[in-house]
Structures are given as C-alpha cells and as structure tokens.
Amino acid sequence: CIDCIESGCAWAVGICLESCSMIADAPCYSSEYSSDPATEICQRKDDDEADSAACSSQTDCGGCVQTLKSDGSYCQWYAEDSFGSPHPSPYCSTGGCDMVGCGSSVCPLDCSVATECSDCLNGNCSWSPEIGCFDSCDLIADASCFSPGRITDTVQEVCDSIDVNDQNQLWFSIIQCFAGNNQVNVLQGSFSNITKPIKELRIGDFVQVEHDEYSRVYSFAHLDSSRKSSFLQIYSDNLKSPLEITPDHLLFAKSSGGKTVESKAASLIKLGDELLLPSGGTSTVTKIRNTIRKDGIYAPLTEKGTIAVSGVLASCYVALPSNHKFSSSFHWLSHMATLPRRWYCQFNWESCQNESYTSDGLATWAHVMWVLAEPILESGIETVLLTTTVLSILMTKVIMVVKKRKAAA
C-alpha cells in the first residue's frame, strides 16, 4: 500500500491501480484526495478494513451497535432499505448510507416491552401516559400520544413534560386549557377591541369568538397563574405565533384532504390538518411541538362556548382523556352540561364575578359538577349522551318558565 501510494497510484481491494476512478464499489486510497503521508493513508486503510471486519462479524443489532470502531464511534445496523421498507436481510456495517440504505445506531424496539417513556421514544415507538408504549400514534384515537416523528423536542424534554402533569388525576387533566401567553381580542367600548394575553382576561370581558362576534366570559373553569404545565405548540401557515394548548382541549379542524370541520382533541391534530379560524377560513398545520410553560393555566368559558385564541377558533371545552375518539361529541355535550351555570349567572351575575376556586385552581362549581358526573362518565358515551340530552331539555324548559314569570312580574 505504501509503495503504491508513494508512486502516485491508488490502492483498493488489495491491488495497486492507476487511479481511484477505475473502481466505484469499494474503498479506495490515494494521495490524489489526501495530503497525508502514505504511511498515514495506509494506516487509515488498515483501520477501515479492521472496522469493516469487526462490524460485519456481528449478526444481531444489539451486538452491532455496541461494537467500537477505531475512531471511537460504533457500528450501525441496517434494517431498512433506501425506501424505508424492512430489509430482507438486515446486516451490520461501519455506518453511513450506501446503495442499500442508511444505518442506525438504535435497534428497532419491540414497543410492547418498553416500560419507560424515554426507552420507548428512543426506540422510535410512540408513548401514551394512559396506555404505555406501542408502535404508532396512528393506532389509537382515544388517548394522548407522543412520538418522535410528531414532536420535535428532544426525547428527554418530551418525557419531562409528560411527567409535569399528573395524567392519572381525571379532574386536573380534563379542565386544563390554554397557556397564559396566548393572545385574545377583547371588546373595548362599543366599536373597538384590544389584543391582550389570555392571562389578563377577566370574568365579564367580552372576547372574540367567531367573525366579528364577541361573547362574555362568565367563568374560568381552571385558573392557576403559577402552575407549571405541558402544552402542545401548534404552528400553522398565515398565523404569526403558535397556539399553545393542552392535548385534551378541543379544536375545530378538517383532516388533511377532508371536507368536514369537526371538533377534535388537540392531541389528534396532525400535520396538514386545517384549523378553523374566526373568519370562517382555515389555516394548515405546519409543525407541532411540545413545550413547558410556568405562567399558569387558563380555561375561560364564554356564553357562546367558543373562543378565538392566537388567531384560531377553539372550543371552550375538552375531550375526556379516555374518550378522544368521541371528541366530536364533547363540544356539544359540554356546552349543554354547563347550561345551568350560564343560566345561574344570568340571574346572579355578582356571584359569578366572584367565583371561588379549589387549591388546584378549579372553579368550585366546575369541580362539584365533575364529581357528581363521574358515575355517568364511567358508564360510557351512550349514557352521557342520553343524560345530557334529557337534562338540557329539562333545563331549557325551566329557563323558559322562569323568563315568562319574570316578564309577567
């Protein structure tokens, strides 16, 4: 090798050639591409050959990615071809990409065996706090889900943010809503409005909902200005800043290529989906991230049941964590379920303006309502639909009677 290179030739596959241009499917060493002495070039050749032999001797992924090469890096496992399809005969090599495909330093994981969030996501699987580790978020529609391809933060950041929220506390998880830095438009006087952070919104403010319509805020189902929490950051074209929202909160969107707008949990929003805007138009989702905020959680309830937040039309309500697949029903269900509170506030506005909260920042009335509703919620979606429908009809009739009596008086 040394004599070959010192004479101005090239060394490849154990023979001396006039030039590396004479061979294209094997490593080739020449002073044409390096100013190093021939001794160093040939030493590199020896190291490469030793690395190749060490890597190719490994027949399983675990042994492959733990085999140390001469430069301090490790061998890589080739389990997929250049099209991303499973390779018929996976093998171990020195790394990088070749005509077959690209190597990986991470072994394919049997997702069902991972019990920790970081192990799951590092194995290119998907993690749900409610379910555990499984192959893909596309396989479920009834729980929050995190996957490397959908969340662009590091694995550790994603797992840390999941730990921030206690996913096992039903009442805490279903009332979460918006991060405090989201922007809302609030009516000032009769003909003007002002944009302010949602954390500055107050009960009694009239906030933009749809088009040029404003609706009064009659309660904060969750109001905690100091809580640290995890949010999805949803970016879309035509909007300057992302919407920061908890995974269970409901948005109005069309699936990519779809024609019908429906309410769905934020965790089910995917790249290419179209978010409904207050104007009635849509904005296409371009990126979804996961972030942690320390400036609180805010869940304003408007009389309309919707609210325009950071340029996006959102529901004031959430889907139950265990029933995301029925999230299209929960906007209507929740709006009907909160009808008694809206009715109460019409006749006792001062009391509503001074509502009380639990130590977790939940509106006392909302906490009591959810506790009473728990047996119904556990009975299944059919029972919830029937119960809510009956109660809403009865409450509507009561309101009509009360209004008639007040008018008569």
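**Helix H2.** I began with helix H2, residues 38–56, in this predicted model, and asked what span its 19 residues should have. I then looked up which residues of H2 are buried, and found Ala38, Ile41, Cys42, Lys45, Asp51 and Cys55. The cover over these buried residues includes helix H1 (2–6), together with strands S1 (10–12), S3 (28–30) and S5 (86–93).

**The chain as a whole.** I stepped back to the chain, which has 11 helices and 21 strands, and in which 44% of the 409 residues count as buried. Of the contacts with a separation of 6 or more, 54% are between residues 24 or more positions apart. I put the accessible surface down as about 20500 Å², with 52% of that area belonging to carbon and sulfur atoms.

In soluble globular proteins, nonpolar side chains tend to be buried together. With that in mind I looked up the largest nonpolar core, which has 44 residues, and recorded Phe178, Leu201, Ile234 and Leu251 as those with the most contacts inside it. A second, separate core holds 11 residues, among them Ala114, Cys125, Trp127 and Val158. Returning to isoleucine 234, and not counting residues up to four places away in sequence, I listed Pro242, Leu243, Ile245, Leu251, Ala266, Ile269, Leu275, Val285 and Lys287 as the residues that it touches.

**Valine 217.** I next turned to valine 217, which lies in strand S12, residues 214–224. Is valine 217 buried or exposed? Its relative accessibility is 0%, so valine 217 counts as buried. Leaving aside neighbours within four places in sequence, I found valine 217 in contact with Leu201, Arg202, Ile203, Gly204, Asp205 and Val207, and also with Pro300, Leu301, Thr302 and Trp349. I also noted lysine 304, 87 residues from valine 217 along the chain, with 9.0 Å between the two C-alpha atoms.

**Cysteine 133.** My last entry concerns cysteine 133, which is found in strand S7, residues 132–134.

Note on methods:
Residues numbered from 1 in each chain as written. Predicted model: local features only at pLDDT ≥ 70, side-chain atom pairs only at ≥ 80, totals over all residues. Heavy atoms only, no water. Helix = DSSP H or I, 4+ residues; strand = E, 2+ residues; numbered from the N terminus. Buried < 20%, exposed > 50% of the residue type's maximum accessible area, 1.4 Å probe, protein only. Contact = heavy atoms within 4.5 Å. Expected span 1.5 Å × (residues − 1). Areas by Shrake-Rupley, 256 points an atom, 1.4 Å probe, with all protein chains shown as cover. Core = buried A, V, L, I, M, F, W, Y, C linked by side-chain atoms within 4.5 Å.
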